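Reader: I am new to this structure and would like to go through it slowly. Could you show it to me before I put my questions?

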Amino acid sequence: MRSSARPSRRLVLAAALGTAAAASVAAPGTAVAASPRRSAALVVHRARVLTGETHAPVREAVAVGRDGRILATGTDAELRRYIGRDTEVVDARGATVMSGIHDGHAHPLGAGERSLHPTLEGATLTVPQLQDTLREFLSSDSSHEPDGWLVVEDWNPVGLLPSGTVPHHRMLDSLPTRRPIALIGNDGHNAWANQRALDLAGITAATPDPAGGQIVRDPDGKPGGLLKDTAQDLLTRVIPPPTQAQLVAACAKALAQAAASGITTFMDASVGTHELDTYAALSAAGKLPQRIVPALLIGPDLAKDPAGALRYVRELRARYGQVRGLRFGTAKVFLDGVIEYPSQTAALLSPYLDAEGRPTTHRGDLYVSSRDYGRLATVFDRADWQLHAHAIGDRAVRTALDGYETAVRANGRRGNRHTVAHLQLVHPSDYRRFAPLGVVACMQLQWAMRDIWTMEALLPYIGPERHRLMYPARSLERHGAALSGGSDWPVDPLQTWNQVRTAVDREGSEAGEGALYPELEGLTRASSLRMHTAGTAYQLRMERLSGRLLPGMAADLVLLDRDVTRVPIAEVSGTGVRLTLVGGRVVHEGVGPSAESHRARSLTAVHGDRHGSCGCGHA
């Protein structure tokens, strides 16, 4: 059941002027005397306030100070003393207030940039159907003949029918155009090019595979058009970029969408100078609503040079460290690719199977060796930098853990909360290693459902025994691992509350074929909410700043249209966000069809952190 009837979900923002506003919180006839020093910038009352503290009672109201921090939570009567003449008052009418969502692994600027191109929306298509769609894109954009690039986003690399069809440039070459064509995979690990695009990129039979990538080739060695992982860079670097103005506008729109979903913090999981320049422009324009932790990308070659890698990330922090809203201290390394057919670049301990279930000799690709990752982790850990490892396969996960164990042996536990992201397969013997090493498991559990990715593109190639181990959230939690959550947006559409739900029922609203072993690996609702708020704040070393609604912590909070702790789990997917605050500043105000609303002014000048550091005392 929802927490209240329809009228009580209305959002009312009104200036608390004189006794009228005081009466909205105080008992009738009760005078309110609040010192200007103590009066709040904002009070939300008649709410169900979830502080995020384990076993803490639900509160009725929350007060936000003029410094953008939580002043107090408590009963309506207790918090009336914080209402002054210019306090903003929100009547929640029984709705839920909780910490904003902290997204511990996403690519928000990528979502903005993708929006500038036509999209296939992850559709499952036969080759003729795909060609028909591309013809429509070409005809609607004919002014760019013959040399303008057609870049198409959200191509589904596992959705080319019939199942098992391998993309080839000939399928694109047959289209009625001379234009170079690039289809960008929605998994972030595959791109597909026609011959004209390959020629412009200079990709030939003589082009070597780059470190951490693969050019898929015909038997004669010529490129077939499919480019995996870092081989995509050979293509994308020759595609004309958007103008800075176009990019900033698109990214600002994407970040506003995220604020409307209740996201108050992002870790951008792959950042270089291009992304940092965009964040600097967004910040300067006042269009950076979230706190951003940029995970500075270290490529596989640089990962072999720990001292050089450390110099590189320190130089970027020195150059961009004063950009308001950015919090440095994390570096990102890709240890492997993706597990689904046809890529199969995730590093496995046991080989992939073929389509008939027979063992092969292929165990995927490990982009950084265990020895090299251990050396890198030791140097970065000693310098109080955090590593964030992309690891899909169980061999990549073990490599990450081995590297972090090397760092602990050399440095002791320094509390840097090194992280392994994705964790699609983890060998059961490695579950118990996370907690003693202080390693955070950052999981994207909106993937944990039965659909084409987990069934047709995966089950035949790993077999039922390994398939039952996928996304082992409950097993990791049971062994004491700290869990955090992320969306990997735009690899998946941004569906924040469906993501919270799918961690519980392992089905969500998008599953085409049912739930994925919820009896084995589904989390409780409390665990899912915690991992997507306080859990990710812990990952990002921000737990003293954000992730819970406690006095002195940043007012990073959301007002929801339902009680996500009590409605049927399926209803969590449709949660609406009425208000989002970051550091006490309104970054989203949602208004329902029947709502009565007055625009709230900015509640405080304080937003995010004023310093470019990681915010946790680390160098």
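Reader: How are H10 and H11 oriented to each other, oblique or roughly parallel?

Author: This is a predicted model, in which local features need pLDDT of at least 70, side-chain atom pairs count only at pLDDT 80 or more, and totals for chains, interfaces and linings use all residues. Residues are numbered from 1 along each chain as its sequence is written, and side-chain values use heavy atoms, with hydrogens and water left out. The axes of helix H10 (residues 306-320) and helix H11 (residues 370-382) come within 9 Å and cross at roughly 45 degrees, where axes are lines fitted to C-alpha atoms over the stretch in contact and angles run from 0 to 180 degrees between N-to-C directions, and helices are DSSP runs (H or I, at least four residues) numbered from the N terminus, as are strands (E, at least two). Angles under 35 degrees count as roughly parallel, over 145 as roughly antiparallel, 65 to 115 as roughly perpendicular and the rest as oblique, so H10 and H11 are oblique.

Reader: Which residues of H10 and H11 make the contact?

Author: Contact means heavy atoms within 4.5 Å. On the H11 side, the contact is made by Arg-375, Leu-376, Val-379 and Phe-380, and on the H10 side by Pro-306, Ala-309, Leu-310 and Val-313.

Reader: How many aromatic pairs does a search of the whole structure find?

Author: Rings of Phe, Tyr and Trp (its six-membered ring) pair if their centres lie within 6.5 Å, and planes under 30 degrees apart count as stacked, over 60 as edge-to-face and the rest as tilted. By that rule, the number of aromatic pairs found in the whole structure is six.

Reader: Is the pair of Trp-155 and Trp-192 stacked or tilted?

Author: The pair links distant parts of the chain, with Trp-155 in strand S10 (residues 150-155) and Trp-192 in strand S13 (residues 190-193), 37 residues apart. Because the ring centres are 5.3 Å apart and the planes stand at 50 degrees, the pair of Trp-155 and Trp-192 is tilted.

Reader: Is Pro-157 buried or exposed?

Author: Pro-157 is found in the loop between S10 and strand S11 (160-161), and among the residues that Pro-157 touches are Asn-190, Pro-342 and Trp-453. Buried means under 20% relative accessible area, exposed over 50% and partly exposed in between (1.4 Å probe, protein chains only). With a relative accessible area of 4%, Pro-157 is therefore buried.

Technical notes. Lists of a residue's contacts leave out its neighbours within four places in sequence.
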